[in-house]
Amino acid sequence: MKFGKITPEIIQELKDAVGKDIVFDEKIHRMAYSRDWSPRDDSNTHLPDLVVRPRTTEQAAKIVEIANKHRIPVTPIGGLTGMGGGAVPIYGGIAFETKGMNKVIEIDVANMTATVQAGITLWDLNHEAKKHGLYLPQEPESKKVVTIGSSITCNNDSAFGIRHGRMIDHLTNAVIITGEGKIVRAGRRKAMCSNSGYQLNWLLVGSEGTLGIIVEATVKLIPVQKTRMVDMIVFPSLTDSMNAIRDIMHSGLALESAHINCKKRLSFYTHSYRKKHGKEPDIPEWAEALLGISFASMEETDKVVKFSRDYALKICAKHKGLPVKEVEITDGWWASKYTVIFTPFKQKWPDSQREKKFGAVDCGIPIGRIEEAYDAFLKTADKYNQQILGMCVYHERPNRLSPSISFAVFVDDKDPENVQGFYKYVREMSETAIKLEGTSATYIGDSEFKTPWIGELEHQEAYDYMFNIKKVFDPNGIMNPGKKFPIKMFGYDE
Ligand SMILES: Cc1cc2nc3c(=O)[nH]c(=O)nc-3n(C[C@H](O)[C@H](O)[C@H](O)COP(=O)(O)OP(=O)(O)OC[C@H]3O[C@@H](n4cnc5c(N)ncnc54)[C@H](O)[C@@H]3O)c2cc1C
């Protein structure tokens, strides 16, 4: 069995149903959707046959209904910064551009919620929410272009995960267009806690566009933080830095962010210092881990923040932690995580970025096995000839040590062998994560690269249950095909 093909008749049917101004078949439009930010060489880009850019839920539903009737693949598109090929239309069909649905529907100040169309960017939503003294503390580096819809379906890492969590902790309600073109409300309106029915809104989190297209979402907001202090501290081992975070958390302080970087990643953050002063900063030889932390408050005065920060530094000292003196290093880290205006990588490794692409595998490793994971990273990257950028450990559940790790390398996109080596590296690191009792995916997801082998490796018998869920939402397998489930499971030819 094969997917349906876009024909002039189907294009006309779509135009008649939703208007010709949101249906595009010119090559110039389609070319913009043939790849995302994932490492891939030129032979591995995929042109969609058609692009649609609806503005309303009803238009979105009609498009999917028609696609389903003709068995045409539909790939939801957000900001295209995904790093695993999630939004690449690998079987052609319709590239479903969601950014036309970018309206704020309601900011409810009393209940501290925002209801928006899902194609709005995190940045634009916060621009609106801040007018009311509120904001969504979901802060991936790519926030300028990442949409609410893709942030939900990728459940991406946020700079403030250790305090506020990530999308699964903010989302109360979502409206989805299923693979049959039905409009389904999933969630609890504006309530955070509910035990009624199943938590379908949370099922959408991490679904990577395979269950349907999210067109509307309601999220919880928090007050804008007015004061903040940021520090970096070096430690003699990764474990020492992990223990310091644990003790800060359990002392009663409310850390806003806590990211551990390995020694290799130091150069990433010392870049601006070297540029400015023409020399290496005064970081001790023994430093194996670099911890970045912040404290923030909605108070105008820095009293709470300063107390928290001073107390935290004392706890770090008990774990042999030494604050970094050079302010450029701390600023570099903070700019890369938070203040960055999305000019990809401008502030980091600008020289190497011209030549190679940032690629990563995103594993979740239990806290006690972090050193083993790091050793495996160095060896595996070397085995597949991947230039190491370094390891960054985020913590992404509120008040928990919950490593979501980026094992990052530079990939030469112009060298197909190096790109193939990257894919093998992703597979082997995923196997390692599972052997270490962790998970193969945290912020990038299964996407295109892991799909061929992820069922067997990560899920075993639970994979069949997941496939049954997929079929309830998308019986004909047209929603983002080739992601999470190989298309042969639906009986389509590869
Ligand atoms: C410079 C840079 C910095 C980054 N920083 C971070 C970071 O700090 N933290 C982090 O976690 N990630 C980061 N990433 C990775 C990336 O930004 C995230 O994975 C992000 O969630 C992708 O969002 P996007 O809008 O670009 O989605 P896309 O790449 O367009 O799509 C991602 C997935 O979401 C699906 N999708 C999109 N919209 C919808 C919708 N409305 N309904 C259903 N499915 C949908 C797509 O089909 C695809 O499967 C970074 C990437 C870059 C290039």
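Mentor: Helix 16 gives the most to the lining of the second largest cavity, with 3 residues. Bear in mind that this is a predicted model, where local features need pLDDT of at least 70 and side-chain atom pairs pLDDT 80 or more, while totals for chains, interfaces and linings use all residues. Numbering runs from 1 along each chain as its sequence is written, and side-chain values use heavy atoms, with hydrogens and water left out.

Trainee: What makes helix 16 a helix, and which elements each supply at least two residues of that lining?

Mentor: Helices are DSSP runs of H or I with at least four residues, strands are runs of E with at least two, and both are numbered from the N terminus. Helix 16 spans 447–459, so it passes the length rule. Strand 16 (357–363) and helix 15 (416–435) join helix 16 in each supplying at least two lining residues.

Trainee: What makes the largest pocket a pocket, and what is its volume?

Mentor: A pocket is an open set of points, with protein on both sides within 12 Å along at least five of seven lines. This one comes to about 700 Å³. Of its 34 lining residues, Val205, Gly206, Asp446, His459 and Lys484 lie nearest the centre. Helix 17 (462–473) is one of the elements giving two or more residues, and helix 17 gives the most, with 4.

Trainee: How do you know where the largest pocket lies relative to the domains?

Mentor: Look at who lines it: domain 1 (1–224 + 460–494) and domain 3 (356–459) both give residues, so the pocket lies between them. Those bounds come from an automatic or database domain assignment, which also has domain 2 at 227–339. The centres of domains 1 and 3, over C-alpha atoms, are 24 Å apart.

Trainee: How do you know how much area domain 1 and domain 3 bury between them?

Mentor: Buried area is the accessible area (1.4 Å probe) that two parts lose on being put together, summed over both. Here that gives about 2900 Å², with 51% on carbon and sulfur atoms. Pro39, Met83 and Asp157 supply 23% of what domain 1 buries against domain 3, more than any other three residues.

Trainee: Why is Arg40 with Glu448 called a salt bridge?

Mentor: The rule asks for a side-chain nitrogen of Lys or Arg within 4 Å of a carboxyl oxygen of Asp or Glu; at 2.7 Å, N to O, this pair therefore qualifies. The rule finds 4 salt bridges across the interface of domain 1 and domain 3, and the structure holds 34.

Trainee: What does the salt bridge of Glu13 and Lys69 tie together?

Mentor: Their closest N and O atoms are 2.5 Å apart. Glu13 sits in helix 1 (residues 8–18) and Lys69 in helix 3 (residues 57–69), so the pair ties together parts 56 residues apart in sequence.

Key
On a 1 Å grid over the protein atoms alone, a cavity is a set of points where a 1.4 Å probe fits but cannot get out, and a pocket is an open set with protein on both sides within 12 Å along at least five of seven lines; lining residues have an atom within 4 Å of a point. Grid points are joined across faces, edges and corners, and a volume is the space filled by probe spheres set on the points.
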